[in-house]
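The criteria behind each term are given where the term comes up.

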Amino acid sequence: MNLAERCRAIRLLCLDVDGVLTPGDVTHAPAGESKSFHVRDGTALKRWHQAGHRSAILSGRRSPMIAVRASETGIGRVVEGCHDKKAVVEQLAHEMGLSAHQICFIGDDLIDVEALRWCGLAVAVADGCVESRAAAHYITASRGGQAAVREAIERILRCQGHW
């Protein structure tokens with residue numbers, strides 16, 4: 001399948017957080033951990049949901065900021081402390097009645113590689129590790145946390161005629 005065909009089939013978007021939705025920096029401050037999210041990713045996620053699609057966050061880390069961002073952008077499922085992302089994506093597919101080719105996973109690091117290999121559309125951010133980029137069908141021009149998710153969503157929704 002070519003990239004446009006892969007994009008047209010997507011119904012579920014699964015996202016890593018650190019290095020994808022954020023630049024990957026983790027700042028520990030006296031008041032707690034802070035994360036920085038790009039506003040254009042949020043706009044694109046809202047458009048994604050308006051098109052009738054679903055989304056999930058799969059993060060190897062735990063942070064109260066993840067739930068806040070998920071709530072702000074309408075992300076339906078959040079799985080934190082997730083160390084086998086492929087197994088979680090497979091479980092989500094089963095629960096939602098979807099096949100692998102209907103799922104896009106966006107990742108950046110080694111923990112994401114097996115999920116990237118399993119999904120119908122594997123997206124790695126521009127500054128992802130070599131292994132994540134090698135597993136990807138599409139590599140964003142944008143770095144993680146710099147509207148890379150927006151870029152991927154826009155590409156998919158344009159192929160679907162929903163942008």
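At 17% relative accessibility, histidine 38 counts as buried, where buried means under 20% relative accessible area, exposed over 50% and partly exposed in between, computed with a 1.4 Å probe on protein chains only. The model is a predicted one, in which local features need pLDDT of at least 70 and side-chain atom pairs count only at pLDDT 80 or more, whereas totals for chains, interfaces and linings use all residues. Residues are numbered from 1 along each chain as its sequence is written, and side-chain values use heavy atoms, with hydrogens and water left out.

Histidine 38 lies in the loop between strand 3 (32-34) and helix 2; helices (H or I, at least four residues) and strands (E, at least two) are DSSP runs, numbered from the N terminus. The side chain of histidine 38 reaches the backbone nitrogen of arginine 40 at 3.1 Å, a polar contact being a pair of N or O atoms within 3.5 Å, of which, within protein, one must be able to donate a hydrogen and the other to accept it, while residues adjacent in sequence count only if both atoms are side-chain atoms. Apart from neighbours within four places in sequence, histidine 38 is in contact with Leu21, Arg69, Gly145, Gln146 and Ala147, contact meaning heavy atoms within 4.5 Å. With alanine 147 the separation along the sequence is 109 residues, yet the C-alpha atoms of histidine 38 and alanine 147 are 5.9 Å apart in space.

Turn next to a pair of helices. The axes of helix 2 and helix 7 come within 7 Å and cross at roughly 30°, the axes being lines fitted to C-alpha atoms, for helices over the stretch in contact, with angles from 0 to 180 degrees between N-to-C directions. Helix 2 and helix 7 are therefore roughly parallel to each other, since angles under 35 degrees count as roughly parallel, over 145 as roughly antiparallel, 65 to 115 as roughly perpendicular and the rest as oblique. Their contact involves, among others, Arg40, Ala44 and Trp48 of helix 2 and Ala148, Ile153 and Leu157 of helix 7.

Helix 7 (residues 148-160) also holds glutamine 160, which counts as buried at 16% relative accessibility. The side chain of glutamine 160 reaches the backbone oxygen of isoleucine 10 at 2.8 Å, and, not counting residues up to four places away in sequence, glutamine 160 touches Cys7, Arg8, Ile10, Arg11 and His53.

In helix 3 (residues 64-73), Ile66, Arg69, Ala70 and Thr73 are buried. These four cover an arc of only 100° around the axis, which puts them on the same side of helix 3, the arc being that of the directions from the helix axis to the C-beta atoms. Pro64 and Ser71, on the other side of helix 3, are exposed. The buried residues of helix 3 pack against helix 2 (39-50), strand 4 (54-59) and strand 5 (77-80). Threonine 73, for its part, has 3% relative accessibility and, leaving aside neighbours within four places in sequence, is in contact with Gly42, Leu45, Lys46 and His49. Just after helix 3, glycine 74 takes a positive phi of about 80°.

Finally, valine 89 is placed in helix 4 (residues 85-96) and, at 0% relative accessibility, counts as buried. Beyond neighbours within four places in sequence, the contacts of valine 89 include Cys14, Leu58, Phe105 and Trp118.
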